Amino acid sequence: MTTSPRDVLYRMRGRLTPAAAADLAWFAGLAAIAVFSALALAATLLWIAGNPPGSAFSSMLQGSLGSLSSFVTTLNHTGPLLIVAIGAAIAGRAGFVNIGQEGQFVIGATLAVVVGLTVPGPIVLVLPAVLLAAALGGACWAGIAAILRHQARVSEVITTLLLNFIAFALVSYLVNRSWLLQETVPEGSIQPAAPQSDPVSATARLPVLISGSGYRLHVGIFLALGLALAAGFAIARTTWGFRLRMFGLNKRTAKRAGVSDLAFGSGALLMSGAFAGLAGGVILSGVAFRVNPGLSNNYGWEGLLVALVAGFSPIFAIFVAFLFGALRAGGGVLAATGVNSAIVGVVQSLIVLAIMLPSLYVRRRKRRRQARLMVEQIEAEAGANVAKAGA
């Protein structure tokens with residue numbers, strides 16, 4: 001990254017550089033225009049579909065932030081989205097695109113339910129074992145892609161995507177076999193139409209902070225916040241983070257500087273999978289308590305989207321994940337009012353695009369400015385060399 005001496009001076013004084021202030025102003029202005037446009041377009045679609053836009057938006061707001069129950073629902077969605085996003089951010093900083101979070105999520109949850117159903121003991125032992133198993137399951141699933149990439153140079157984009165389908169099929173096989181993970185039903189009863197596992201015991205469930213009629217807040221959101229802060233600090237302030245960023249910016253230079261491809265390339269994929277698996281463990285031990293093929297419910301995809309919108313910043317991902325969590329909670333209430341689920345999805349997507357596009361534009365503007373500055377520096381150095389040779 002190219003930085004001018006003037007920018008360095010501004011940073012030493014703890015102030016925004018003029019360019020950074022201009023980027024912030026551009027983002028605020030474009031975001032306001034984009035959000036207004038998205039809401040106007042969403043209102044038009046709702047009106048065409050025969051749904052009053054005012055009551056629809058009110059339902060979304062009420063369902064996400066309008067009461068303690070809806071706020072808790074938003075937080076319970078935010079936690080796993082943020083954990084997935086942290087892993088995606090680590091992989092992204094290393095220059096990799098892991099799009100297998102859905103499979104890693106459900107494999108992590110499956111390994112967690114196995115531990116939760118078979119390991120006895122108090123909660124202080126069982127719960128950490130469940131979460132550790134979830135992270136290990138996700139890491140192992142991502143490890144398959146890491147091995148193929150490291151040994152055979154197969155793109156992780158292809159392998160992680162294909163592993164999603166294998167993961168769903170594997171979990172479906174497990175919960176459809178009575179001798180494996182299929183739910184135990186009383187003799188003479190009919191198996192439920194949707195196959196699933198038995199519920200984990202109370203010792204494998206996350207502690208509840210507050211609960212009431214229709215809501216139950218577990219500690220998963222605080223686990224996610226702690227991990228995001230730790231990851232943000234590690235990426236920005238530690239030697240490991242510096243080497244990770246160097247590897248992502250220029251792998252050839254990083255290797256010449258002694259940065260190992262195995263540790264920082266494959267390692268980043270493993271960590272990304274571990275976070276996705278842990279998110280599955282949080283959903284399992286916090287809300288679902290059972291595993292089934294549909295458990296991931298797009299948490300993996302949306303977590304990846306959170307990381308992309310946040311520019312692979314775990315700290316910024318906190319706010320983006322909260323927005324996505326609110327959209328999930330509000331969208332669920334909106335669908336319950338009778339609005340077609342496809343329209344709900346379109347409204348949610350428009351709001352996400354309204355936030356994402358200004359961010360992408362500002363990022364592109366920043367890259368072009370840095371490239372221009374780099375060219376100016378190269379031309380200045382070349383001119384100085386020519387003058388020196390002429391003298």
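Is Arg290 buried or partly exposed? Arg290 counts as partly exposed, because its relative accessibility is 22%. Here, buried means under 20% relative accessible area, exposed means over 50%, and partly exposed is what falls in between (1.4 Å probe, protein chains only).

## What you're looking at

This is a predicted model, so local features need a pLDDT of at least 70 and side-chain atom pairs count only at pLDDT 80 or more, while totals for chains, interfaces and linings use all residues. Residues are numbered from 1 along each chain as its sequence is written, and side-chain values use heavy atoms, with hydrogens and water left out.

## The overall build

The protein chain has 14 helices and 2 strands. Those names come from DSSP runs, numbered from the N terminus: helices are H or I runs of at least four residues, and strands are E runs of at least two. With 391 residues, the chain has a radius of gyration of 24 Å, close to the 21 Å from the globule rule, so it is as compact as a globular protein of that length. The radius is taken over C-alpha atoms, and the rule is 2.2 Å times the number of residues to the power 0.38. Along its principal axes, the C-alpha trace spans about 100 × 55 × 35 Å.

Of the 391 residues, 43% are buried. Take the contacts (heavy atoms within 4.5 Å) with a separation of 6 or more: 75% of them are between residues 24 or more positions apart. The accessible surface comes to about 19400 Å², and carbon and sulfur atoms own 67% of that. Areas like this come from the Shrake-Rupley method with a 1.4 Å probe, and for residues only the protein chains shown count as cover.

## Charges and salt bridges

The chain carries 28 positive and 12 negative side chains, and the centres of the two sets are 9 Å apart. Lys and Arg count as positive and Asp and Glu as negative, with His and the chain ends not counted. Each charge is placed at NZ of Lys, CZ of Arg, CG of Asp or CD of Glu. Side chains of opposite charge can pair when their charged atoms come close. The structure holds 3 salt bridges, each being a side-chain nitrogen of Lys or Arg within 4 Å of a carboxyl oxygen of Asp or Glu.

Let's go through them. Asp261 and Arg149 meet in a salt bridge at 2.8 Å, N to O. This pair links distant parts of the chain, with Asp261 in helix H11 and Arg149 in helix H6 (residues 123–152), 112 residues apart. Asp261 is buried at 10% relative accessible area, and Arg149 is buried at 7%. Next, Arg290 returns: its side chain meets that of Glu183 at 3.0 Å, N to O, in a salt bridge. Glu183 sits in the loop between helix H7 (156–175) and strand S1 (208–212), and Arg290 in the loop between H11 and H12, so the pair ties together parts that are 107 residues apart in sequence. Glu183 is buried, with a relative accessible area of 14%. Then there's the salt bridge between Glu302 and Arg328, at 2.9 Å, N to O. Glu302 is in helix H12 and Arg328 in helix H13 (residues 314–336), so this pair joins parts 26 residues apart in sequence. Glu302 is partly exposed at 22%, whereas Arg328 is buried at 13%.

## The loop between H11 and H12

Most residues other than glycine have a negative phi. Phe289, though, has a positive phi near 70 degrees. Phe289 lies in the loop between helix H11 (261–288) and helix H12 (299–309), and at 14% relative accessibility it counts as buried. Asn297 has a positive phi too, about 50 degrees, and isn't a glycine. Asn297 is in the loop between H11 and H12 and is partly exposed at 44%.

Gly294 belongs to the loop between H11 and H12 as well, and is partly exposed at 49%.

## One more pairing

Ala236 is in helix H8 (residues 220–237) and is partly exposed at 47% relative accessibility. Ala236 and Ser313 are 77 residues apart in sequence, and their C-alpha atoms are 9.5 Å apart in space.
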